[in-house]
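Please open the structure in your viewer and keep the selection tool at hand.

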Amino acid sequence: MTAIPFVETRGAAGYLRTPTAGIEWLRWSDSGWSLGEGTDGLPGIEALRPLRGLSVEWPGSMTEQERRAALDGLMNLAFAGVPLTSALPDRVPDWVSPDFAALLTDRGWLSVNREAAPRCVADLRREEHSVRLRRLAPRPALTPTVSVVMSSKRPHLLASALAQIALQRHVEVEVLLGLHGIADHPLARRAVEECELPISVVSADAGTPFGALLDLAAARASGEFVAKWDDDDWYGPEHLSDLLLARRASGADIVGTAAEFFYLEPLTTTIRRISYTSEVWTDFVAGGTILLARDDFPGFEPLPRGVDAALLKSQHARGARIYRAHGLGYVLRRSHSEGHTWQLPLAHFLKVAHNQWRGFRPSLLLEAS
């Protein structure tokens, strides 16, 4: 038996947030992995999407070739975002890596009682587990380089924003920062001086259109990829690497996340909106999460607002393929509408909320302290 290559190139595309079936057993035989008793082989990934997950039943003695094939098969499923679980740690074979074994035996996502707790919470824990499994996919030999473009007119937010960029894992980052009428502010100067990343600063007066300043900053990009960043939002430490993984799996020209979690600052309330599905082809992603290759980057239009939407609209019209990945590692901050280029009242977000929590309650993938 030969090792099984990755049979799915689309990664988690088509992932279902809410399963309609339970957990099936995943068993090994001479013909490979199969579901339950009396089946031969696995169906396509789409047929597995409705399942809550797969529980691995470990085989007994195996040849080295069979072990490699079995592990490759499991990694195919993990890369596709199929939730996997297993028995106690002492039952996991030693040919499974410690990181993979830890995820397989972590049953925290299964401990949420779907009858006693809101089903959406159980589904959220399941999706977080799925994302962690996807992250086990083999990484490129060379670390990707990303030019993060950000413009700010709020000096009190700069230190936090730059610190979050510095925490990004599995990437090399440079910061291209546009200071919008705040170049002389002490907090802005201090944030730039204390930034531990390579940083290039462009300043402009407050009358310069937002898009024009962003474009001046982005023109200095030297990374393989350009990523948009908003100074007032929160990003998990694997935000960029998750986007790059989604891009590699899907082959998309532009990737971004779904806008799911919002922190309504004046109300000290977190809401989750799931009307925008994730892991799909689309014409819209959250503007603060756009990522594309530098060679494909057309620049930002010199607009006072709607810069992100204009970029997506123009690129989609030209045939660019846009993929929307999960939004679990991203939270949008909303204060009073006059403080944002995206001007929607707080009442709008309450109206579209699927979940609502008191305080700051992001997904666990944000790794907020």
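Which residue in β6 is the bridge partner of Met150? Select Met150, and then select Leu177, which is its bridge partner in β6. Before going further, note that this is a predicted model, in which local features need pLDDT of at least 70 and side-chain atom pairs count only at pLDDT 80 or more, while totals for chains, interfaces and linings use all residues. Residues are numbered from 1 along each chain as its sequence is written, and side-chain values use heavy atoms, with hydrogens and water left out.

**The sheet**

Now select residues 145-152, strand β5, together with residues 172-180, strand β6; the two pair in the parallel sense over 8 bridges. Strands are DSSP runs of E with at least two residues, helices are runs of H or I with at least four, and both are numbered from the N terminus. Two strands pair if DSSP finds at least two bridges between them.

Contact means heavy atoms within 4.5 Å.

Select Ala188 in helix α6 (residues 186-194). Is Ala188 buried or exposed? Its relative accessibility is 0%, so Ala188 counts as buried. Buried means under 20% relative accessible area, exposed over 50%, and partly exposed in between (1.4 Å probe, protein chains only). Leaving aside neighbours within four places in sequence, Ala188 is in contact with Pro155, Leu158 and Ile182.

Move to Arg324 in strand β15. Arg324 is buried yet has no salt bridge, a salt bridge being a side-chain nitrogen of Lys or Arg within 4 Å of a carboxyl oxygen of Asp or Glu. The nearest side chain of opposite charge, Asp283, is 5.8 Å away. Here Lys and Arg count as positive and Asp and Glu as negative, whereas His and the chain ends are not counted. A polar atom of the Arg324 side chain lies 2.6 Å from the backbone oxygen of Thr277.

**Salt bridges**

How many salt bridges does a search of the whole structure find? The search finds 18. Select Asp308 and Lys228, whose side chains meet in one at 3.4 Å, N to O. Asp308 lies in helix α9 (residues 307-317) and Lys228 in strand β8, so the pair ties together parts that are 80 residues apart in sequence. Both Asp308 and Lys228 are buried.

Continue with Arg333 and Glu265, which form a salt bridge with the closest N and O atoms 2.9 Å apart. Arg333 is buried, with a relative accessible area of 12%, whereas Glu265 is partly exposed, at 32%. Finally, select Arg135, Arg139, Arg169, Glu238, Asp242 and Glu367, which salt bridges with shared partners join into one network.

Definitions and conventions. Polar contact = N/O pair within 3.5 Å; in protein donor to acceptor, adjacent residues only side chain to side chain.
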